[in-house]
Amino acid sequence: MSASVNPPSSTEGFVELVSRTVVLRERNIDTDQIIPARFLTTTERKGLGRFAFNDWRYIADGSLNPAFELNKPHNAGAAILVAGRNFGCGSSREHAPWALTDLGLRAVISSEIADIFRSNSLKNGLLPIVVAQELLDELLEQPGIELRVDVRTRTLHLPDGRGVQFPLDAFAQTCLIEGVDQLGYLLRQIDAIHQFEQRRDAAVHSQQEQHHAR
């Protein structure tokens, strides 16, 4: 599902994100791999992190798969995922970014990120960062490096001092910084909306009076 079925809620906004990376080199990681369809029965965002990458994270007896990158102790706490190209393809389920953010991720870097997944992510506090394939190849070969993401300047800062711009529209940028979704943003403007409606109603009433006076 592409539209949120939860009541509007805020996420933790951020201007800057500094984190080590966790790397999944696989290409074409689809939303069913991010969170399998059998876990889509809930409309609650909290708790979905335990199902993220479920079929990779767990083995048949339900225990953690020690070979999976997100289960390795040195990757604990990493908030930036670097993944192979075409990340988030497949169905449009909004549960996918819900699961990733509940897992503790705040940004995903790839050379190609599926459009609907990207849109859903920006609505839910997960920053999708698209970079050139050459840079992605570098990042895939350097797991665990520390990156700094500056949301205000739309810049990814690398350990060697390079700063790489990434695309991010102004509205999505504002929502990420303020930690709100689209509805949350509108609700924060409620006073301005009421003032506009009052001015509009007054203008319409004035026009009607002028018309009747003629």
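A nonpolar core is here a set of buried Ala, Val, Leu, Ile, Met, Phe, Trp, Tyr and Cys residues joined through side-chain atoms within 4.5 Å. Buried denotes a relative accessible area under 20%, exposed one over 50%, and partly exposed one in between (1.4 Å probe, protein chains only). The structure is a predicted model, in which local features need pLDDT of at least 70 and side-chain atom pairs count only at pLDDT 80 or more, whereas totals for chains, interfaces and linings use all residues. Residues are numbered from 1 along each chain as its sequence is written, and side-chain values use heavy atoms, with hydrogens and water left out.

The protein contains eight helices and seven strands; helices (H or I, at least four residues) and strands (E, at least two) are DSSP runs, numbered from the N terminus. Of the 214 residues, 42% are buried. The accessible surface amounts to about 11,300 Å², and carbon and sulfur atoms account for 52% of this area, as computed by the Shrake-Rupley method with a 1.4 Å probe. Contact is defined as heavy atoms within 4.5 Å. Among the contacts with a separation of 6 or more, 67% involve residues 24 or more positions apart.

The seven strands form an open sheet of mixed pairing, in the order 4-3-2-1-5-6-7; two strands pair if DSSP finds at least two bridges between them. Strand 4 (127-130) and strand 7 (163-165) are the edge strands, each pairing on one side only. From one strand to the next, the twist averages 30°, with axes taken as lines fitted to C-alpha atoms and angles running from 0 to 180 degrees between N-to-C directions. Strand 1 (residues 16-24) runs antiparallel to strand 5 (residues 146-150), and five bridges join the two. Within strand 5, Arg148 stands opposite Val18. Strand 2 and strand 3, by contrast, pair in the parallel sense over three bridges, and Ile109 in strand 3 stands opposite Val82. Strand 3 is covered on both faces, with Ala107 and Ile109 buried on one side and Val108 and Ser110 buried on the other. In a regular strand the side chains alternate between the two faces of the sheet.

The largest nonpolar core comprises 27 residues, of which Ile34, Phe53, Leu81, Phe87, Leu100 and Phe117 touch the most other members. At least two residues of this core come from each of strand 1, strand 2 (80-83) and helix 3 (95-103). Helix 3 supplies the largest share, four residues. Another core, of 26 residues, lies apart from it and includes Ile109, Ile129, Leu139 and Ile145. In soluble globular proteins, nonpolar side chains tend to be buried together.

The buried residues of helix 3 are His95, Ala96, Pro97, Trp98, Ala99 and Leu100, and they pack against helix 1 (31-34), strand 3 (107-110) and helix 4 (115-122). Ala99, in helix 3, counts as buried because its relative accessibility is 0%. Apart from neighbours within four places in sequence, Ala99 is in contact with Ile35, Leu48, Gly49 and Ala52. The C-alpha atoms of Ala99 and Phe51 are separated by 7.0 Å, although these residues are 48 residues apart along the chain. Just after helix 3, Gly104 adopts a positive phi of about 110°.

In helix 4, Phe117, Arg118, Asn120, Ser121 and Leu122 are buried. Their cover includes helix 1, helix 3, strand 4 and helix 6 (170-178). Helix 5 (residues 133-140) has Leu135, Leu136, Leu139 and Leu140 as its buried residues. Viewed down the axis of helix 5, these residues fall within an arc of 140° and therefore line one face of the helix, the arc being that of the directions from the helix axis to the C-beta atoms. The buried residues of helix 5 pack against strand 1, strand 2, strand 3, strand 5 and strand 7.

At the edge of the sheet, Val130 belongs to strand 4. Val130 is partly exposed, with a relative accessible area of 26%. Contacts of Val130, not counting residues up to four places away in sequence, are made with Ser110, Ser111, Ile113, Phe166 and Pro167. A separation of 6.0 Å lies between the C-alpha atoms of Val130 and Glu112, which are 18 residues apart along the chain.
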